[in-house]
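This report walks through one protein chain, from a single residue out to the whole. Look at the structure first, then read on.

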Amino acid sequence: MGKGWGRRRLLIAAVIAALVVVPAALVLTQGRASGAATILSILDGSASVARGTAAFAPASDGDLVNTGDRVQTAAASHAMVTFFDGSTLEIEPATTVQIEDAVSAASGAISIRISQTIGRTWASVQKLTRADSKFEIRTPTAIASVRGTGFITEVLADGTTTVQTTDGNVQVTAQGQSVIVGAGQTTSAAPNTPPATPTATPRSNLLRFGMHSPAYVAVVDTFGRACGVVLPGPSVLRQIPGCLASEPGTDPQLVDVPNASPGTYRVVVASTAPGGAFVATASAVDRLDNLSFNYLASGSGQPGDTFMTTIDVAAGPNGSLTANGFSPLTAITRAPVKVAAGSRQQDASGINAGFGPLSFSPLPVIGFTAGTNSPSATPPAYPSPPTPPTLPPLTSSIPLDTLGPTPTLSPEVTALPTLTVPTFVPTAVPTLIRTPSPTPIPTLVPTPTPTPQPTPTPLPPTLSGGTAQPGGTLAVLGTNWPVGAAITITWPDGTQIATADVQTNGQFATLIRIPATAIPGTTYKIIARGAALTATADVTVRFTPTLTLLASFPPRAGTSVPYSGSGWPANGNYSLLFDGRAIGGGTTSAAGTLLLATGGNPSFAVPANTTPGAHTVTVTSGTSSASASLTTQ
């Protein structure tokens with residue numbers, strides 16, 4: 001028996017060793033592979049992932065997402081995608097994105113391309129050092145390209161895209177035209193229009209957190225998003241949309257949270273070498289730079305110690321913020337910060353060097369002149385409770401459970417006379433027998449049978465149409481579709497012209513591409529399919545008329561100016577206007593070119609009394625029109 005037990009012990013030890021070694025090997029393998037991994041973190045609520053062409057399925061915190069995968073957040077949910085270079089994409093509620101590309105070439109070039117069909121994201125992009133590297137977000141109406149910056153992208157249901165830059169520069173391209181959106185600027189691109197000229201982003205309230213060394217500070221908002229410096233690394237995190245954070249080594253280290261929402265903010269402090277006293281601050285200013293509050297929390301720790309305090313921020317008047325100070329500073333063993341493991345850069349020696357710097361210009365100074373809240377890392381010593389008074393000891397020798405000696409009657413008390421009580425036999429009272437009242441029989445009221453309510457018939461799915469030119473794009477909207485369904489949209493000949501994902505409200509929005517071979521003036525019926533449902537819509541291909549003035553030099557009043565044009569409705573009539581006044585017209589050929597009513601090459605005479613300068617010539621035919629500028633002398 002002893003030898004058998006010994007053999008069993010050896011077998012058990014071998015199994016345990018295998019169970020320990022195999023997971024360790026898996027961890028090491030995953031650590032090496034995750035250097036180029038894209039990791040999904042669920043900050044709060046829930047999110048779903050669609051692998052390739054599969055349907056959406058619930059995702060777990062820490063899932064890997066690959067090229068072609070789509071990520072969708074539920075309502076009131078926030079998630080984050082961390083790329084292999086440390087760049088992050090924070091995904092707001094009811095938003096859908098697709099990882100179109102996320103690779104690192106052998107040359108060191110980085111290519112990250114994201115498709116965003118609807119919703120709002122915040123991208124914090126590491127600086128790209130190679131000219132052949134790129135980070136792009138593509139929407140139904142625009143492309144945002146950066147080389148290291150932070151920017152917010154919002155896509156509405158009709159495809160309208162808004163890009164807001166917080167630091168660095170973003171190039172936004174739409175309809176073949178590009179604008180540069182600098183820090184503190186915003187631009188928008190509606191369907192079939194180029195991006196608008198960037199304008200200054202309206203000012204908002206600002207929360208500023210500070211740390212006076214030796215320690216790092218990071219802030220976690222009510223949705224679990226962090227901004228600041230965390231260990232190990234140290235790493236700079238920017239998960240809160242629009243936030244800015246000083247790089248490690250600056251003193252004071254600052255964290256700015258613009259357009260801050262009310263709620264509880266957790267402030268995490270990590271002591272660093274050589275340790276000792278530190279001071280954390282929290283301030284708020286409104287959009288006019290008026291200081292709303294300023295509080296501080298002081299403490300002391302050894303290198304590696306981690307502390308946390310909270311501050312409850314409420315909405316005040318005129319968009320300002322209010323607070324009542326920090327909570328007591330307490331020691332913690334684990335910071336409430338989500339960092340995707342295995343996605344950090346390494347230095348030349350291969351040592352984990354943390355995320356690359358996300359520093360920015362020194363933040364403007366805010367006067368720290370208010371506030372008295374100063375909790376300590378060590379709980380204050382409260383006074384001992386007062387000692388209860390000492391009661392004097394009992395001196396009576398009489399036991400507490402006796403009544404004492406029998407009292408003696410006073411001699412003045414006379415004995416009471418004896419009373420004789422006659423015997424009394426009571427007459428029995430006759431027992432009364434009551435006649436019971438008849439129990440009333442309740443009238444039964446039949447319970448009415450509820451009328452069954454008909455199950456409401458679900459509304460049929462819909463698809464919007466519109467007009468567009470050959471080779472152009474058109475934003476379309478679908479409603480009443482099953483949530484999470486993958487939609488494909490095809491041209492009448494079966495050519496796929498767009499795909500989309502149905503949001504939590506049963507809608508989808510996407511941009512279709514009109515085939516270049518589409519015939520102007522023709523109406524086509526496009527088809528949307530998904531979840532065994534279909535819907536159709538009409539798309540009318542509009543003409544793309546042109547007007548070219550053939551004047552070789554600025555003409556005078558009365559001078560004849562030849563012109564030409566193509567792409568017009570065939571075999572029709574047109575009108576010619578000079579600064580809005582009709583001055584002639586003609587017909588169009590079977591090929592859609594402009595002709596004179598009398599035949600020959602078309603031309604017009606500059607009206608008499610025309611003043612020198614710029615003028616506009618317009619041709620209209622039905623619903624089609626085109627204009628050209630003419631400068632006269």
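The model shown here is predicted. Start with Thr610. Its relative accessibility is 12%. The cut-off for buried is under 20%, so Thr610 counts as buried.

Thr610 sits in a loop. Strand E45 (603–605) lies on one side of that loop and strand E46 (613–621) on the other. A polar atom of the Thr610 side chain lies 2.5 Å from the backbone oxygen of Pro607. Which residues does Thr610 contact, leaving aside neighbours within four places in sequence? They are Ala557, Phe578, His615 and Thr632.

## Phe578 and strand E42

One of those contacts, Phe578, belongs to the covered face of strand E42 (residues 573–578). Tyr574 and Leu576 are on that covered face too. The uncovered face holds Asn573, Ser575 and Leu577. In a regular strand, side chains alternate between the two faces of the sheet. Phe578 also forms one aromatic cluster with Tyr563 and Phe604.

E42 has antiparallel partners. Six bridges join E42 to strand E43 (residues 581–588), and the two run antiparallel. Here Phe578 has Arg581 as its bridge partner. The hairpin of E42 and E43 has two residues between the strands, and Asp579 takes a positive phi near 50° there. E42 is also joined to E46 by four bridges, again antiparallel. In E46, Val617 stands opposite Phe578.

## Aromatic pairs

How many aromatic pairs are there? The count comes to eight. Phe209 and Tyr265 form a tilted pair, with 6.3 Å centre to centre and 40° between the planes. Phe209 lies in strand E18 (residues 206–212) and Tyr265 in strand E24 (residues 263–271), so the pair ties together parts 56 residues apart in sequence.

Phe278 is in strand E25 (residues 276–285) and Phe307 in strand E27 (residues 306–315). The pair links distant parts of the chain, 29 residues apart. Phe278 and Phe307 are buried.

## Nonpolar cores

In soluble globular proteins, nonpolar side chains tend to be buried together. In this model, the largest nonpolar core has 35 residues. Those with the most contacts inside it are Leu40, Val81, Phe83, Leu89, Ile114, Phe135 and Phe151. Strand E9 (residues 110–124) gives the most to this core, with four residues.

## The chain as a whole

Now step back. The chain has one helix and 47 strands. Of its 633 residues, 41% count as buried. The chain exposes about 34500 Å², and carbon and sulfur atoms supply 60% of that area.

What share of contacts between residues at least 6 apart in sequence joins residues at least 24 apart? The share is 55%.

How values were computed: Residues are numbered from 1 along each chain as its sequence is written. This is a predicted model: local features need pLDDT of at least 70, side-chain atom pairs count only at pLDDT 80 or more; totals for chains, interfaces and linings use all residues. Side-chain values use heavy atoms; hydrogens and water are left out. Buried means under 20% relative accessible area, exposed over 50%, partly exposed in between (1.4 Å probe, protein chains only). A polar contact is a pair of N or O atoms within 3.5 Å; within protein, one must be able to donate a hydrogen and the other to accept it, and residues adjacent in sequence count only if both atoms are side-chain atoms. Contact means heavy atoms within 4.5 Å. A nonpolar core is a set of buried Ala, Val, Leu, Ile, Met, Phe, Trp, Tyr and Cys residues joined through side-chain atoms within 4.5 Å. Rings of Phe, Tyr and Trp (its six-membered ring) pair if their centres lie within 6.5 Å; planes under 30 degrees apart count as stacked, over 60 as edge-to-face and the rest as tilted. Two strands pair if DSSP finds at least two bridges between them. Accessible areas come from the Shrake-Rupley method with a 1.4 Å probe; for residues, only the protein chains shown count as cover.
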